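Subject: Structure for you to look at

Hello,

Here is the structure I promised to pass on. Please open it beside this email and follow the notes below.

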Amino acid sequence: MRIARTQNILRLMGVLVVPLLFQLPVAAYVARPESQQLTQLLSDANDEARELAEDAEETQALILSDTNWVTHALMLARVKGHVDNMALIIEKLSKTQKSGSELQEQAVEQMLPLVRELSANTTAAINYLNQNKARPVSDSYTQYLNKNAETARELSSMITSLLEYQKSMAEIEKLRSKLVVSEAPTQ
């Protein structure tokens, strides 16, 4: 008898708490609506960040293969191209970030330091390479490339996670609105 009563109380608490859990994040999430323009720019940033991460990892792998400095220079130029493209996307995002949701605004603010770090590391690696063409595999050069690869992966992962979160929250909101409509009293 006591076990059954305890189970009923726990079920009742679950019935009361679960809807609250769904409503709180959604309510906080929809405080400011998402901007389609920001969503598109974030999608562009995601594509660019993914390519940047792949090229940064490939550049990092050059250290192990000990190829000549020209190959390093070509790969660093590709990475720099991606970093420059990211900087342009970030600039557009920064100009429009206040028009989107708080989540979108926070994402832009978190991306900016990562892109700055990538830019600084890439520039430092290029400068080092220009001064040390004979054998570009010193510890400092290796650290630049390792840090670039790590930061590029972090940037790509962050943007991908944000876009997946936005998609999930939109789906939850659709389901929630269907649930509200289906629960509406019929006359």
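The largest nonpolar core has 27 residues, and those with the most contacts inside it are Leu52, Met86, Leu93, Met111, Leu155 and Ile159. A nonpolar core here is a set of buried Ala, Val, Leu, Ile, Met, Phe, Trp, Tyr and Cys residues joined through side-chain atoms within 4.5 Å. At least two residues of this core come from each of helix H2 (36-65), helix H3 (69-96), helix H4 (102-131) and helix H5 (139-183). H2 gives the largest share, eight residues. Another core, of seven residues, lies apart from it and includes Ile63, Leu76, Ala125 and Leu145. In soluble globular proteins, nonpolar side chains tend to be buried together.

Some background before the details. This is a predicted model, in which local features need pLDDT of at least 70 and side-chain atom pairs count only at pLDDT 80 or more, while totals for chains, interfaces and linings use all residues. Residues are numbered from 1 along each chain as its sequence is written, and side-chain values use heavy atoms, with hydrogens and water left out.

The overall picture: the protein has five helices and zero strands. Helices (H or I, at least four residues) and strands (E, at least two) are DSSP runs, numbered from the N terminus. Buried residues make up 33% of the 187 residues; buried means under 20% relative accessible area, exposed over 50%, and partly exposed in between, with a 1.4 Å probe and protein chains only. Among contacts (heavy atoms within 4.5 Å) between residues at least 6 apart in sequence, 82% join residues at least 24 apart.

Two residues show what such contacts look like. Leaving aside neighbours within four places in sequence, Leu93 is in contact with Leu38, Leu41, Leu42, Val108 and Met111. Ser156 is in helix H5 and is buried, at 10% relative accessible area. Not counting residues up to four places away in sequence, Ser156 touches Asn46, Ala49, Arg50 and Ala53.

Next, the charged pairs. Nine salt bridges are found in the whole structure. A salt bridge is a side-chain nitrogen of Lys or Arg within 4 Å of a carboxyl oxygen of Asp or Glu. Side chains of opposite charge can pair when their charged atoms come close.

- Arg78 and Asp55 meet in a salt bridge, 2.8 Å from N to O. The pair links distant parts of the chain, with Arg78 in helix H3 and Asp55 in helix H2, 23 residues apart. Arg78 is partly exposed at 43% relative accessibility, whereas Asp55 is buried at 6%.
- Arg153 forms a salt bridge with Glu57, with the closest N and O atoms 3.2 Å apart. Arg153 lies in helix H5 and Glu57 in helix H2, so the pair ties together parts that are 96 residues apart in sequence. Arg153 is partly exposed at 37%, and Glu57 is partly exposed at 34%.
- Glu105 and Lys98 meet in a salt bridge at 2.7 Å, N to O. Glu105 is buried, with a relative accessible area of 12%, while Lys98 is exposed, at 59%.
- Glu117, Lys147 and Glu150 are linked in a network of salt bridges.

One last item is Ser177, which lies in helix H5. Ser177 is partly exposed, with a relative accessible area of 35%, and its side chain reaches the backbone oxygen of Lys174 at 2.8 Å.

Regards

Notes. A polar contact is a pair of N or O atoms within 3.5 Å; within protein, one must be able to donate a hydrogen and the other to accept it, and residues adjacent in sequence count only if both atoms are side-chain atoms.
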